[in-house]
Amino acid sequence: MRLDGLTLTHGMLEGQLTVAEGAPTPMVDLTVDGTTVSQADVQPTAPGAFLMRAPVPEAALDEGVSTVVFQDRATRVVLGRYVFRSGGPVDGDVVAELDALAAEVAALKRAFMSDAADRKLRAADKPLIIEEVVTDILRHLAGAGKTPPRSD
């Protein structure tokens with residue numbers, strides 16, 4: 001028996017079970033921390049193929065890292081695992097800060113390209129413009145309380 005394509009959609013864990021043709025409908029248990037917490041719904045889709053679906057067990061939604069283990073009930077063979085990680089927001093929300101920096105760099109690029117289209121830049125001007133942009137970004141990071149990366 002094999003479990004493929006395990007996904008999470010709208011609170012449902014879903015995957016494709018493949019068994020030997022003619023084998024009975026498998027029974028799949030979900031365990032968290034070694035305790036069986038529920039059973040998956042298994043429906044045939046073709047000879048030897050089944051759609052397995054199960055709601056996310058509440059026991060997997062604790063602070064930290066939890067693993068939902070899918071096991072064949074008859075043999076206790078592990079068919080698959082799905083790991084959940086949860087917790088408080090990252091201090092300073094790094095993702096939001098990176099998005100803001102990416103937007104700022106994109107705006108600087110547009111301004112630079114617009115300026116370059118309006119007038120022909122001399123080769124000697126380009127390093128000065130790049131240095132100015134980098135200085136502005138480092139100044140922004142320092143203002144946000146971040147330490148700029150070292151350039152050793």
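Let's start with a term: a residue is called buried when its relative accessible area is under 20%, exposed when over 50%, and partly exposed in between. Keep that handy as you look through this model, which is a predicted one.

The side chain of Arg53 meets that of Glu14 in a salt bridge, at 3.4 Å from N to O. This pair links distant parts of the chain: Arg53 sits in strand 6 and Glu14 in strand 2, 39 residues apart. Glu14 has 27% relative accessibility, so it is partly exposed too.

Why do such pairs form? Side chains of opposite charge can pair when their charged atoms come close. The structure holds 4 salt bridges. Another one joins Asp4 and Arg2, at 2.7 Å from N to O.

Now head over to Asp29, whose side chain meets that of Arg73 in a salt bridge of 2.7 Å, N to O. Asp29 lies in strand 3 while Arg73 lies in the loop between strand 7 and strand 8, so the pair ties together parts 44 residues apart in sequence.

You'll find Asp33 in the loop between strand 3 and strand 4, and at 71% relative accessibility it counts as exposed.

How values were computed. Residues are numbered from 1 along each chain as its sequence is written. This is a predicted model: local features need pLDDT of at least 70, side-chain atom pairs count only at pLDDT 80 or more; totals for chains, interfaces and linings use all residues. Side-chain values use heavy atoms; hydrogens and water are left out. Helices (H or I, at least four residues) and strands (E, at least two) are DSSP runs, numbered from the N terminus. Buried means under 20% relative accessible area, exposed over 50%, partly exposed in between (1.4 Å probe, protein chains only).
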